Amino acid sequence: MKRGLERNQIYSIDCLDGLDLLDSNSVDVIVTSPPYNIGIQYNIYDDKKTRQEYLDWLEKIAISCKRVMKNDASFFLNIGGTLADPWTPFDVAQRFRSHFVLQNTIHWINSIAISKEDLGISNKINRNIAVGHYKPINSKRFHHDCHEFIFHFTKGGNVALDKLSIGVEYQDKTNINRWKIATSDKRDRGNVWFIPYPTIRESREHPASFPIKLPEMCIKDHGISRIELVLDPFMGSGSTAIACTRLGVNFIGFEIDPYYSDIANNSVNREIEAIKSDITKISISSYL
Ligand SMILES: C[S@@+](CC[C@H](N)C(=O)[O-])C[C@H]1O[C@@H](n2cnc3c(N)ncnc32)[C@H](O)[C@@H]1O
């Protein structure tokens with residue numbers, strides 16, 4: 001870390017200035033969600049640049065991020081579009097293409113409907129299910145949008161992941177003995193991640209926060225044991241910082257709006273207090 005920045009803080013500065021303050025090859029994981037340029041009402045940031053301006057700006061940030069990333073770092077970029085203008089994620093990915101390898105394309109599903117017949121006869125659920133937040137839209141053209149991208153960019157395309165840390169149990173346990181690769185009752189969950197918004201939104205004080213589980217999964221997927229520093233250049237309400245606090249990994253964040261960075265730093269402090277009080281409860285109960 002360079003020029004006065006401390007770990008585990010969210011700084012209220014432009015991320016391009018913040019990135020300039022970080023050492024080259026110092027970051028293991030970047031998890032972030034930039035503004036989508038779709039006219040979201042942020043507190044101060046104006047989310048309506050021209051497409052050209054927006055893409056030029058994000059490409060500059062991509063280049064700065066690449067400089068601070070270690071050679072085996074992961075950059076998880078969450079981005080979505082709108083129903084009427086769905087090209088944003090693809091245009092952004094194209095700009096990143098000149099600088100990174102797109103190692104994985106993860107599909108973040110925040111709501112899904114599964115028919116009983118597709119669940120299979122051995123499944124215990126015996127009805128159609130629909131889970132996640134559903135917001136009806138007034139349109140004959142479009143389906144409700146329940147998907148965003150998490151592009152996993154790396155410098156060389158060959159970063160080994162800790163896939164089983166977010167793995168799922170085998171449904172058919174006979175596979176554990178049948179497949180040599182199966183050393184435990186866990187398999188790769190694949191690149192479709194169902195992450196609903198919590199019923200009580202973690203932060204209503206920010207109009208575009210992602211669930212804390214999203215950065216949590218990305219960080220675990222990269223592999224916690226080899227992480228020294230996680231960066232979120234667009235920290236918003238602090239979801240990435242809270243995920244890092246829960247996982248016990250160091251972070252640094254930038255957020256241009258002091259109102260949001262205050263919210264984020266306060267949420268991290270509350271999370272630390274909650275963790276401390278849980279530890280105290282556990283150690284007291286071990287004496288009882
Ligand atoms: C999509 S939101 C991030 C939300 C965050 N992932 C969360 O869960 O709360 C994008 C954020 O980027 C911030 N932002 C916009 N321009 C920025 C810049 N140049 N540097 C740092 N932050 C910026 C906005 O104020 C907004 O809070």
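Me: How many helices and strands does the protein chain have?
Reply: In this predicted model, the secondary structure of the protein chain comes to 8 helices and 10 strands.

Me: And why call it as compact as a globular protein of that length?
Reply: The globule rule gives 19 Å for 288 residues, and the radius of gyration of the protein chain is 20 Å, close to that value, so the chain is as compact as a globular protein of that length.

Me: What share of the residues is buried?
Reply: Buried residues make up 43% of the 288 in the protein chain, while 52% of its accessible surface, which comes to about 16000 Å², belongs to carbon and sulfur atoms.

Me: Switching to aromatics, how many aromatic pairs are there?
Reply: The count comes to 16 aromatic pairs; one of them joins tyrosine 42 and tyrosine 45 edge-to-face, at 5.8 Å centre to centre with 65 degrees between the planes, and both of these tyrosines are buried.

Me: What about phenylalanine 90 and phenylalanine 149, how are they arranged?
Reply: Phenylalanine 90 and phenylalanine 149 also form an edge-to-face pair, with 5.4 Å centre to centre and 70 degrees between the planes. Phenylalanine 90 lies in helix H3 (residues 88-97) and phenylalanine 149 in strand E7 (residues 147-154), so the pair ties together parts that are 59 residues apart in sequence.

Me: Is phenylalanine 149 buried or exposed?
Reply: Phenylalanine 149 is buried, with a relative accessible area of 10%, whereas phenylalanine 90 is partly exposed, at 40%.

Me: Which residues form the aromatic cluster with them?
Reply: Phe90 and Phe149 belong to one aromatic cluster together with Phe75, Trp87, Phe96, Phe100, Phe151 and Phe153.

Technical notes. Residues are numbered from 1 along each chain as its sequence is written. This is a predicted model: local features need pLDDT of at least 70, side-chain atom pairs count only at pLDDT 80 or more; totals for chains, interfaces and linings use all residues. Side-chain values use heavy atoms; hydrogens and water are left out. Helices (H or I, at least four residues) and strands (E, at least two) are DSSP runs, numbered from the N terminus. The radius of gyration is taken over C-alpha atoms; the globule rule is 2.2 Å times the number of residues to the power 0.38. Buried means under 20% relative accessible area, exposed over 50%, partly exposed in between (1.4 Å probe, protein chains only). Accessible areas come from the Shrake-Rupley method with a 1.4 Å probe; for residues, only the protein chains shown count as cover. Rings of Phe, Tyr and Trp (its six-membered ring) pair if their centres lie within 6.5 Å; planes under 30 degrees apart count as stacked, over 60 as edge-to-face and the rest as tilted.
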